[in-house]
Amino acid sequence: MKKTPGKVPCNPFSQRLGGVARRAAEKGIDALIVFSQANRRSLVDVDCDNGALVVEPGRKTVFYTDFRYTTMAERVAPWLDVRTMWKAKDETKALARMGRRWKRIGYEGSVAATRYLRMKEAFPDAELVDVQRELLLARAVKTPREIEAIRAAEALTCGIWEEVRAWARPGMTEKEIQRRVRALMCERADGEAFDTIICAGANAAECHHVPDGTVWKPGRPLLADLGAKAGGVCSDMTRNIVPEKPDARYRKAYATVLEANMAAIAAVKPGAVCGDIDAIARSIIDKAGYAGAFGHSLGHGVGFEIHESPNFAPKSGTVLEPGMLVTVEPGIYLPGKLGVRIEDLVLVTETGCEVLSAASPK
Ligand code: ZN
Ligand code: ZN
């Protein structure tokens, strides 16, 4: 009797890996050495804190790691050539053995200086080419599985925020609220994607304020920037609790940020240039009389890490593509007076975009 062949496992990220290998070949690169945990994971799904993924166009991808991770890597990625070859003290020799013929080697510009120097020593005649941007852009377009994981993480964050709105009361400190949010994220997800930011009153003028013993006073606003980590991916959202009778100054700032947030979201679609969308939000804020009060970029990509490509920065030439996930988070910060930021996580679709941050009001 004929044996039924087992299901052949394949790399769910092979399309992304193939794209990276193709672009490397176009640049005349003989091999890419990928050290960053998130970059490695985005190409072959192996998540561990030590290793080097070697992508040689036209050859089988090799993953070098140490004894602690080989069994796991073989189980998770049976399509990979997993090799044990790691002792920090002779990393130079290990690198040199990887490819003596290589003349042009792609590396991540963000590698530690010590590692870069080891690469220079290991490959004295090769040219090192920084491919960090290409690797990050390859990750910027998410796989359907990643999109579903991020959608679920954001829904979880929205759910937690709805609860916070119900129990958070003036009289509580920023720290108390932060700790309770953190506990909820540990209970229902894998913790926080980043340290939850809670700002009472004018503390929101510090965009990344570290919550402290400040008491949330009655009649004052509260800003919360929060995101759970779940299924190995991050989520991110900023909401404000606006007091019943905010003063005119806060009302105007809040209305301006909301207008900037909505106008930018309306412009998110495939083919749109990131810098142009940043400019749409920024000009609304500037024209309302707040020039200089929005000192950060409009937003950022979100994925395995909380800050990924693309970057919604002034003058960024990155073109949006379906499957990219970005935050849209304009803000106005007036030190000593107020801070408002509204942040939504947005998925670029074939025709426009979908806002994943369902928590209302903003
Ligand atoms: Zn945020
Ligand atoms: Zn953000």
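Trainee: How far is the sulfur of Cys-207 from the closest cysteine sulfur?
Mentor: In this predicted model, the closest one belongs to Cys-199 and lies 9.1 Å away, which is too far for a bond. A disulfide needs the two sulfur atoms within 2.5 Å.

Trainee: Okay, and how exposed is Cys-207?
Mentor: Cys-207 counts as partly exposed, with a relative accessibility of 29%.

Trainee: Is Cys-186 buried or exposed?
Mentor: Cys-186 counts as exposed, because its relative accessibility is 52%.

Trainee: Switching to metals. Which residues coordinate the zinc ion (ligand 2)?
Mentor: There are Asp-236 (OD), His-300 (NE2), Glu-329 (OE) and Glu-343 (OE), at 2.1 to 2.2 Å. Along the sequence, their spacing reads D-x63-H-x28-E-x13-E.

Trainee: What about the geometry of that site?
Mentor: The site is irregular, and the angles among the four donor atoms run from 78 to 148°.

Trainee: Where is the zinc ion (ligand 1) relative to the zinc ion (ligand 2)?
Mentor: The two ions are 3.1 Å apart, and Asp-236 coordinates both. Asp-236 sits in the loop between β10 (233-234) and β11 (237-241), while Glu-343 sits in the loop between β16 (338-341) and β17 (344-348), so this pair ties together parts 107 residues apart in sequence.

Trainee: Nice! Are Asp-236 and Glu-343 buried or exposed?
Mentor: Both Asp-236 and Glu-343 are buried.

How values were computed: Residues are numbered from 1 along each chain as its sequence is written. Chains are lettered from A and ligands numbered from 1 in the order in which they are written. This is a predicted model: local features need pLDDT of at least 70, side-chain atom pairs count only at pLDDT 80 or more; totals for chains, interfaces and linings use all residues. Side-chain values use heavy atoms; hydrogens and water are left out. Donors are N, O and S atoms within 2.8 Å of the metal (3.2 Å for Na, K and Ca); water is not among the atoms, so sites may look incomplete. Four donors count as tetrahedral if all angles lie between 85 and 135 degrees; four count as square planar and six as octahedral if opposite donors are over 155 degrees apart and all others between 65 and 115; anything else is irregular. Helices (H or I, at least four residues) and strands (E, at least two) are DSSP runs, numbered from the N terminus. Buried means under 20% relative accessible area, exposed over 50%, partly exposed in between (1.4 Å probe, protein chains only).
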